[in-house]
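Here are my notes from a pass through the model, as numbered points. Have the viewer open while you read, and follow the residues as they come up.

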Amino acid sequence: MPPMKRLISLFALLLLLCVTSPAYAQSILRDAESEALLADMSRDLIRAANLSPANVRIVVISDPSINAFVAGGQAVYLHSGLIDAAGSANEVQGVIAHELGHITGGHVPLQGRMAQGATGITILSLLLGAAAMAAGSAEAGVGLMQLGQRAALGNFLAFSRAQEATTDAAGVKFLSGAGITGKGMLAFFKRLQQQEYRWGLKRGSETSYVMSHPMSGERISTLTADLQADPAWNKPSDPDIEARFQRVQAKLRGYVAEPKDTLRRYPASDTSIPAHYARAYAYHLGGYPKEAAGEAMALVKAEPKNPYFLELKGQILLESGKPKEALVPLREATTLTNYQPLIATTFGHALLATEDRAHLEEAERVLRQAVARDKENPFAWYQLGMLYERKGDTARAALATAERASMMGDYGRAIPSGQAAMAGLPQGSPDWIRAQDIVMAGQGMMQDRKRK
């Protein structure tokens with residue numbers, strides 16, 4: 001197949017995947033410290049966009065690519081690879097500002113009309129031909145040319161590039177409104193420009209036809225004057241936010257990278273807080289509990305009242321088969337964060353893992369509060385179901401299973417679990433009504449799937 005046709009075929013394949021692969025099919029990373037940081041980093045930007053911080057979510061997805069997108073509603077998805085590649089929190093703020101522009105511009109529904117429901121919007125100026133080269137130029141797109149002829153594809157990409165240009169402008173406006181310097185936005189585009197150089201991309205080349213974004217050099221040229229003219233241009237980035245970002249970045253690297261790579265990047269000679277954080281996760285994932293516990297202890301010694309360090313210490317003890325020892329740090333972490341749902345769930349898990357019935361009452365209180373404040377936490381529902389099983393309350397155990405299954409889209413389990421809950425609960429009670437809602441919603445979704 002000629003190179004140009006191969007590139008278009010690959011685009012067609014990726015476009016189809018974009019249409020059929022919603023964000024929730026990917027692995028979402030939940031972490032209390034990371035979510036608190038991202039909320040603080042984005043709050044002023046969200047307000048500058050005339051949106052409510054209570055309604056906008058910044059979600060991290062486990063994916064090594066440098067990518068961010070919006071996918072309906074008011075959620076911004078950041079790939080873990082983007083956080084890893086960023087040189088500062090301010091760079092990530094530039095990305096978030098850009099993505100908020102997609103939300104306020106209504107680009108997801110517009111994109112859907114242009115591409116039969118495609119909702120993924122990448123921040124990276126990604127040439128699909130580079131993806132083909134990275135994949136060994138496989139004939140992946142053969143037979144998918146029917147998705148669109150060259151003219152239709154060109155129209156879609158031109159539409160996408162126009163969206164990106166207006167969204168960049170919106171991002172500049174939001175940074176200005178939040179009083180945040182745009183240096184990070186330009187720095188991030190320069191990182192993308194270096195990727196383009198490595199891939200051999202240049203304006204006007206045959207392969208530039210299949211680019212969904214303007215070249216990064218064009219974006220830098222367009223945005224520089226406006227960003228530099230803004231009063232916040234020389235305003236330093238918040239040092240507290242930057243320090244917290246380094247910790248979260250190191251934690252994320254320790255969690256998603258190969259342990260050997262993390263230990264090479266953060267050698268034992270590095271005694272900084274981020275290094276201890278990264279090594280703790282690397283050792284824990286690598287199966288070295290003693291070393292992991294040592295790194296966690298170093299963190300707690302440095303900041304005895306840091307709830308996230310206490311959470312890590314307790315998590316390592318719990319997952320090393322020492323749930324009783326994990327209770328003290330996890331209980332303190334839960335209290336210090338006013339029962340932050342993710343931390344409280346880990347504490348509830350530890351209480352159950354002791355297999356001591358004396359802890360069941362506290363575990364129920366902790367877990368019920370966790371799901372009340374964060375319903376999108378399947379692990380909390382799983383733990384709550386286990387608790388009710390131990391108490392012999394099979395109806396509420398079934399309801400917890402139904403909640404978890406419904407949240408995960410497993411309606412084949414949600415429906416019978418909800419029906420079992422209804423059979424054992426007092427008719428008309430709040431729990432019975434909730435079980436009925438799950439059953440009816442699940443049956444509706446199953447019918448929709450059959451029709452499709």
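1. Start with R57 and E376, which form a salt bridge with their closest N and O atoms 3.7 Å apart. Keep in mind that this is a predicted model. R57 sits in strand β2, while E376 is in the loop between α17 (360–373) and α18 (378–391), so the pair ties together parts that are 319 residues apart in sequence. As for solvent, R57 is partly exposed, at a relative accessible area of 39%.

2. R57 turns up again from the other direction, as one of the residues touched by A75. Leaving aside residues up to four places away in sequence, A75 touches R57, F69, V70 and I103. A75 itself belongs to strand β4 (residues 75–79). Is A75 buried or exposed? Its relative accessibility is 6%, and with the cut-off for buried set at under 20%, A75 counts as buried. If you want a distance to check, the C-alpha atoms of A75 and V59 are separated by 7.0 Å, with the two residues 16 apart along the chain.

3. Which order do the strands take? It's an open sheet of four strands, running β1-β2-β4-β3, and the pairing is mixed. The edges are β1 (28–29) and β3 (68–70); each has a single partner strand, so one side of each is left without a neighbour in the sheet. As background, strands of a sheet pair through backbone hydrogen bonds, either parallel or antiparallel. For β1 and strand β2 (residues 57–61), the pairing is antiparallel, over two bridges. In that pair, I28 has I61 of β2 as its bridge partner.

4. Back to charges. How many salt bridges does a search of the whole structure find? The count is 23. One to look at is R244 with D40, whose side chains meet at 2.9 Å, N to O. R244 lies in helix α10 (residues 239–256) and D40 in helix α2 (residues 32–48), so this pair ties together parts that are 204 residues apart in sequence. Both ends count as partly exposed: R244 has a relative accessible area of 22%, and D40 has 30%.

5. For another salt bridge, go to K260 and D261, where the closest N and O atoms are 3.4 Å apart. K260 counts as exposed, at 54% relative accessibility, whereas D261 counts as partly exposed, at 31%.

6. Last, a helix pair. Two packed helices are described by the angle between their axes and the distance between the axes. What are those values for helix α19 (residues 394–407) and helix α21 (residues 430–451)? Their axes come within 10 Å and cross at roughly 35°, and α19 passes α21 in a left-handed crossing. On the α19 side, the contact is made by R396, L399, A402, E403 and S406; α21 brings D431, R434, A435 and I438. By type, the residues of this contact divide into four nonpolar, one polar and four charged.

Methods: Residues numbered from 1 in each chain as written. Predicted model: local features only at pLDDT ≥ 70, side-chain atom pairs only at ≥ 80, totals over all residues. Heavy atoms only, no water. Axes fitted to C-alpha atoms, helices over the stretch in contact; angles between N-to-C directions. Left-handed = near helix turned anticlockwise from the far one by under 90°. Contact = heavy atoms within 4.5 Å. Nonpolar A, V, L, I, M, F, W, Y, C, P; charged D, E, K, R; others polar. Pairing = 2+ DSSP bridges. Salt bridge = Lys/Arg side-chain N within 4 Å of Asp/Glu carboxyl O. Buried < 20%, exposed > 50% of the residue type's maximum accessible area, 1.4 Å probe, protein only.
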